[in-house]
Every structure is written in structure tokens, then in C-alpha cells.
Amino acid sequence: MGIDRTEYRQRRERVMEKIGNGTAIIRSAPMAVMHNDVEYTYRQDSDFFYMTGFNEPDAVAVLAPHHPEHRFILFVQPKDPEKETWTGYRYGVEGAKEVFGADEAYPISELDEKLPQYLEKADRIYYHLGRDKTFNAKILDHWQRLIATFPRRGTGPVALEDTDFVLHPMRLVKSEAELATLRTATAISAEAHNRAMEFTRPGHYEYQIQAEIEHTFRLQGGMGPAYPSIVASGANACILHYINNDRQVRENELLLIDAGCAYDYYNGDITRTFPVSGKFTPEQKTIYEIVLNAQLKAIEAVKAGNPYHQFHDTAVRVLVEGLMDLGLLAGDIEEIITEEKYKPFYMHRTGHWLGLDVHDAGNYKVNAETWQSLQPGHVLTVEPGIYIAPDIKPAEGQPEVPEKWRGIGIRIEDDVLVTADGNEVLTAAVPKRVEDIER
């Protein structure tokens with residue numbers, strides 16, 4: 001494991017300081033069924049994993065800082081040799097205490113019986129109402145029962161608050177151990193992209209290139225893809241989340257690859273676009289250099305103290321200027337940006353938080369008017385693009401797009417750490433300048 005047990009304990013202590021006399025309840029992720037009785041590879045809920053490091057389903061973590069004996073409680077699947085023969089080893093109740101540091105642990109079947117003792121002296125419950133409606137109903141039922149008895153007891157939770165607002169600001173700032181794990185995830189991701197560039201030739205199928213990428217992930221110790229790998233040739237690159245990966249790549253086309261490795265639950269997220277035949281056509285090179293310039297300028301804006309939106313705004317302005325120079329946008333630049341007339345070419349934001357989740361936890365805005373300020377330890381993606389679909393429809397009043405530009409889709413994405421004196425591009429090992437990727 002990349003994260004030491006001490007760090008998990010410190011995280012729980014910080015949460016318990018924040019919730020005071022409350023009780024926090026965090027639910028594990030459920031098993032997901034692929035088909036009939038075949039399940040997907042289990043992936044723990046990120047908040048649950050962040051607090052416990054425990055990687056089994058059907059578990060509940062409870063933090064009760066006000067309890068005289070048990071502050072961290074785990075409800076888990078008990079040991080069962082017969083079931084473990086089929087589905088793998090379980091830590092069980094004793095392992096939950098000995099290995100994961102729980103003050104007390106119970107079989108998950110005893111949750112309804114044991115949970116009230118950790119709620120009845122709390123002034124509020126912290127719980128995220130997630131997708132498991134049955135479990136949501138269970139927690140709400142406990143809360144309603146305690147509210148009903150409040151008049152005669154004088155204690156109990158009078159409010160329900162979302163754990164997201166406690167946990168997610170913590171998750172935004174990565175520790176040294178988290179950064180070490182992220183560096184491994186991004187290094188493996190980078191190696192896979194470099195392998196894909198080396199392997200790609202006209203005549204290969206997108207899925208063959210995908211196989212080279214994901215083979216590298218597993219070969220180097222990764223858990224596998226952080227998300228469905230995008231290997232998009234030609235006009236497929238204009239589909240933002242294209243995952244069919246079944247087309248044969250052709251000469252004089254571009255190949256857009258958006259793929260990242262998951263390593264110990266932390267994720268890389270890289271996009272590169274390069275010429276299948278080794279050389280850009282003049283039109284491809286022109287669009288590519290606009291996107292690259294936008295990305296480089298946006299990365300410069302990733303520094304502590306800057307508002308989160310600044311790197312996006314920087315990228316948008318560079319993209320719009322480039323498209324105006326080509327005659328693909330026309331008019332007043334401020335009007336084009338304000339009225340988002342560039343959106344047919346660039347329809348997404350320039351980045352997102354990165355960590356335990358690919359689109360990681362954490363707010364982008366403090367309130368309706370104020371953006372989050374970047375600070376050391378934040379990790380985010382910077383990924384501008386231009387997508388000129390074959391059937392692109394320009395915004396009202398904008399020029400028609402000549403045929404020579406249609407079908408070009410380009411995105412360039414890196415993972416960037418905010419540091420005290422600027423930033424560090426964690427994925428710099430993958431080339432992106434024209435002279436470095438042409439062959």
C-alpha cells in the first residue's frame with residue numbers, strides 16, 4: 001500500500017476535529033454486476049478508501065469522536081472460510097481492528113443493532129445521500145427514530161449534514177504520500193502513451209493500440225485503466241468520449257489518445273494527439289500549434305493564489321485568437337468569448353481536479369461569485385482542444401467552415417501539480433511539441 005496506516009489515522013482525526021460532537025457514517029461501494037452472476041472487479045468508494053484504506057465491499061465506517069471508548073468503528077463482512085474459498089480472503093472483524101486500526105468492529109449484519117449507540121449522543125449525523133437508496137433509507141430511519149425520542153432524552157442528532165463538505169476540501173490538497181502514488185500513476189500512464197506512439201502505424205486498429213496501452217498499465221503494476229481508454233482516429237477525435245475503439249487508422253490522419261493508469265487507487269489522465277503517418281498535414285499542424293500554445297499558456301497560469309478559472313480563461317482566449325486568425329471565427333473577440341461563440345469548436349472546460357477520482361472531489365467555486373484559489377498540493381489537468389466535426393454548425397453569425405478543416409480533432413492534456421513557486425507537470429515525459437512527435 002502506498003499510504004501508511006498512520007496517515008489514514010491522521011485523516012480520521014482531522015475529520016473528527018471538524019465534526020465535533022457529530023457522528024460521521026461512510027458507506028463502502030457496492031459490488032457491481034457485469035452480467036448474470038459475474039461481477040466487475042471491485043472498486044472501493046473513494047471517500048471510504050480515503051478514510052480507511054479498507055478495500056472490501058459491504059462495509060460501513062463510523063466516526064464518533066464523542067463516544068467514550070469507540071471513536072472509529074468498522075462494520076465488515078465476517079470471516080467465512082467457505083465463501084472465502086470462492087471470492088477471496090476477508091479481513092473480518094478482528095482484521096478490521098488489528099490491521100485497520102478500528103477501536104471496535106462488528107459484523108455488518110449487526111449494523112442496525114449497534115449503530116444507535118454511536119448516534120444517540122451526537123448532535124448531528126454526517127452522511128452523504130448517495131446512489132444506494134436502500135442504505136439512504138436505513139440512515140434516515142435511524143435519524144427519524146432518534147428525533148422522535150429527543151423530547152424525553154434531551155440528546156440526539158437534530159440535523160443531517162453531507163460528509164462531502166468535510167472530506168472533500170481535505171482530499172483537494174494531496175499529501176507527500178499521495179503525491180508519490182500519483183507520480184507512479186502518471187509515470188506509468190506516460191510510458192503507455194509513449195509505447196502507443198511508437199506502436200501506431202497506418203493499418204492498425206484502434207483497439208490494437210488500446211491493447212498496447214493497457215498492457216503497459218498492468219505490466220508496470222497498475223490496477224488497469226483509470227477510465228475507458230479513448231483511442232480516436234480521424235473524425236472520431238471530434239467525439240469527446242469516444243470509446244468504441246474499433247476503427248482502422250489510416251494514413252494522413254491524426255490519432256487522439258486519452259488514457260490514464262490507476263495505481264493504488266490514484267489516477268493518471270493524459271491526452272496526446274499525433275499524426276498516424278509521422279507527419280502533420282499543413283492544416284493539422286496549424287490547428288495543433290494553436291492547441292499546444294493554448295495549453296502552454298494555460299499551464300503558466302497554474303500557480304498558487306490564482307483563481308481556478310484563470311487557466312481556462314487563458315486557454316479560451318488563445319484558442320479564439322488562433323481560430324480568428326484562420327477566419328474560422330470572426331467579429332469582436334470579447335463578444336465571441338462572452339457569448340461563447342467558440343463553443344462549436346471547444347465545448348468543455350480546460351481541466352478538472354485529479355486524485356483518487358479522475359474527476360476528483362472538491363469544489364471549483366467557494367460561492368456563486370468566487371472561484372477556489374489554487375494552492376500547493378492541488379493536482380489538476382490542463383486539456384484544451386479544438387474539435388472541427390465533419391458536420392460542424394458554427395454559432396449564429398459566424399463563418400462557414402471550409403472543408404479542409406473538417407474532421408480535425410485535437411486535445412493535449414497534462415497532469416499538473418501546484419507548487420509553492422509555480423507548478424510541476426507530472427506527465428512531461430510524453431512529448432507534445434511538433435518537432436518531438438513527428439518522425
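**Exercise 1.** Decide whether E178 is buried, partly exposed or exposed.

*Solution.* Start with the cut-offs: buried means under 20% relative accessible area, exposed over 50%, and partly exposed in between (1.4 Å probe, protein chains only). E178 has a relative accessible area of 2%, so it is buried. Before going on, note that this is a predicted model: local features need pLDDT of at least 70, side-chain atom pairs count only at pLDDT 80 or more, and totals for chains, interfaces and linings use all residues. Residues are numbered from 1 along each chain as its sequence is written, and side-chain values use heavy atoms, leaving out hydrogens and water.

**Exercise 2.** Find what surrounds E178.

*Solution.* First locate E178: it sits in helix α9, residues 176–199. (Helices, H or I with at least four residues, and strands, E with at least two, are DSSP runs numbered from the N terminus.) Next, skip the neighbours within four places in sequence; E178 then touches I3, E7, R11, Y50, V173 and Y266, where contact means heavy atoms within 4.5 Å. Finally, look at the side chains: E178 makes a polar contact with Y266 at 2.7 Å. That term means a pair of N or O atoms within 3.5 Å; within protein, one must be able to donate a hydrogen and the other to accept it, and residues adjacent in sequence count only if both atoms are side-chain atoms.

**Exercise 3.** Check the span of helix α11.

*Solution.* The rule is 1.5 Å times one less than the number of residues. Want to see which residues are tucked in? Among the buried ones in α11 are Q284, I287, Y288 and V291.

**Exercise 4.** Step back to the chain: what part of it is buried?

*Solution.* Of its 439 residues, 53% count as buried. The chain has 14 helices and 19 strands, and its C-alpha trace spans about 75 × 50 × 40 Å along the principal axes.
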